[in-house]
Amino acid sequence: MVGYDSNVSHNFTTTDYQLAGASSGFFTRLLLQPLDVLKIRFQLQSEPISKASPFSKYHGIRQAVSCIYREEGLFGFWKGHNPAQALSVIYGVVQHDSESTTLQMQLYLVSCLSLNMKFLQNFSSCVSFQFGCFEHLTASLYPHVPSRFTSGPLKPIYHFGCGGIAGCAAALVAHPFDVLRTRFVSQGEPKIYRSIYHAVQSMYKEAGVRTFYRGLIPALVQVYPHTSFQFAFYTLFNKMWESYFMSHSNSKGTVQSLTCGSLAGIAAKTIVYPLDLAKKRLEVQGFEDARRHFGRVEAYKNLIDCLRTMYQKEGVLSFYKGLKPSILKAAFSTALTFTFYESALYLITEYRKV
C-alpha cells in the first residue's frame, strides 16, 4: 500500500494516510527511543568508543547501557522523547511567519508550553507529514511518468525521487524539534535544561531563532538520500520478495513488511551515516557546558569543517561512531514504521467494510 498504483483500488483520503503515518511514527518512536539515546551519545563522543581509551565515557553498548542506567536511571533512556513525539507543534511557527523575532520567540514558547497537554494529539507528525507527502507525490506524478517507472522494473527509482522530496519537506518543518531532542539526549546529570520551556528560552538566548536550525544543511543533505533509499529499497526488496515467493497480492503480510523494512533501513542508514553523525555534532554547538563531563568538546564552523576535523583528530572510523546501535535502530525503526503504516491502512479498510 506504500505508493500509488493504478492497479489497486484507492479509497484512502489524505487524512487516512496522515493517520496511518502518525500512528506508525508514534509507536515506533515509543519503542525505540533507548536505541536513539545510545546512538546519539556515541555520535557525540570525540574519544574512541573502545576499552583501550582511558578517557572514553562509553566503551560499548553493554557498558553504555549500564552507565546511563546507573547515572540517570531508567528514564535516561527516554530523554528527548517528548520533543521527538511532538514535532507537529512547529508547524504553527513555520506557517505563521513573523516579521518580528519577538513574536517568533513567543510562538516557540507557546509551542513548548502546550507540549505536555497536547502530547498524544501531536505525536510524530513528521512521519505523518512524510507519508502524506509521499503518497500525494506518487499519485500526482503518476500520469506524467512513463509506466516503466511507476509500475515496471524501475519503480524503485520513482519512489527514490518522491521519497527524497517528502523527507526533505518533513525535515525542514520538523528540524527545530530535532535540535531540541538532540540536546536533551546529549545532556547528562546535573541537567542544564530543567524543562522544554527552559530549553527553548536558553537556546533562544544563544543566537536567536538560528539556534533551532543548527545543523539544517547537513540534515537536508542527509535526509534526501536517506529517505530516498528507504522508500526505494523497500520497494525493491518487496519486488524481490514477491518474485522469490511468487506472491503478487496487493496486501502485504507482516513478515514481508518487517523483513523488507528492516533491510531497507539497514541499507539506507549505512549509506548516509557519516552525514547523520555530522548533523548531530553541529546541533549541539553552543551546548559545551552540558557536554564537558562526557569528554573532549570540539567546535565546528560548518559541515565541511566538522568532517575535516573529525578525520584529522579521530580518524576515518570516527565517521561511523555509534553505527551498531544506529543500525539496530534503523532496522527495527524502518521495519516497524512500514509495518504499522500498512497495518493501519488495512485496519481502516476493514473498518469501512463493517
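I started with contacts in the chain, counting heavy atoms within 4.5 Å as contact. Among those between residues at least 6 apart in sequence, 78% join residues at least 24 apart.

A note on what I'm looking at: this is a predicted model, where local features need pLDDT of at least 70, side-chain atom pairs count only at pLDDT 80 or more, and totals for chains, interfaces and linings use all residues. Residues are numbered from 1 along each chain as its sequence is written, and side-chain values use heavy atoms, with hydrogens and water left out.

Next I looked up the elements. I found 13 helices and 0 strands in the chain (DSSP runs numbered from the N terminus, helices being H or I with at least four residues and strands E with at least two). I also checked burial: of the 354 residues, 55% count as buried (under 20% relative accessible area, with a 1.4 Å probe and protein chains only).

Then I went to helix packing. Two packed helices are described by the angle between their axes and the distance between the axes. My axes are lines fitted to C-alpha atoms over the stretch in contact, and angles run from 0 to 180 degrees between N-to-C directions.

H1 (residues 14-44) packs with H13 (residues 323-353) at about 165 degrees, the axes being 8 Å apart. H1 and H13 are therefore roughly antiparallel (the word is for angles over 145 degrees). Their crossing is right-handed, that is, the near helix is turned clockwise from the far one by less than a right angle. I sorted the residues of this contact into 17 nonpolar, 7 polar and 5 charged. Here Ala, Val, Leu, Ile, Met, Phe, Trp, Tyr, Cys and Pro are nonpolar, Asp, Glu, Lys and Arg are charged, and the others, Gly among them, are polar.

H10 and H11 (residues 254-283) also gave me an angle of about 165 degrees, with axes 8 Å apart. That makes H10 roughly antiparallel to H11. The H10 and H11 crossing is right-handed, and their contact divides into 19 nonpolar, 8 polar and 4 charged residues.

Last, I picked two residues. Thr 339 sits in H13 and is buried, at 8% relative accessibility. Leaving aside neighbours within four places in sequence, Thr 339 is in contact with Thr 254, Ser 257 and Leu 258. A polar atom of the Thr 339 side chain lies 3.4 Å from the backbone nitrogen of Leu 258.

Asn 238 belongs to H10 (residues 216-245). Asn 238 is buried too, at 4%, and its side chain reaches the backbone oxygen of Tyr 234 at 2.8 Å.

Methods. Angles under 35 degrees count as roughly parallel, over 145 as roughly antiparallel, 65 to 115 as roughly perpendicular and the rest as oblique. Buried means under 20% relative accessible area, exposed over 50%, partly exposed in between (1.4 Å probe, protein chains only). A polar contact is a pair of N or O atoms within 3.5 Å; within protein, one must be able to donate a hydrogen and the other to accept it, and residues adjacent in sequence count only if both atoms are side-chain atoms.
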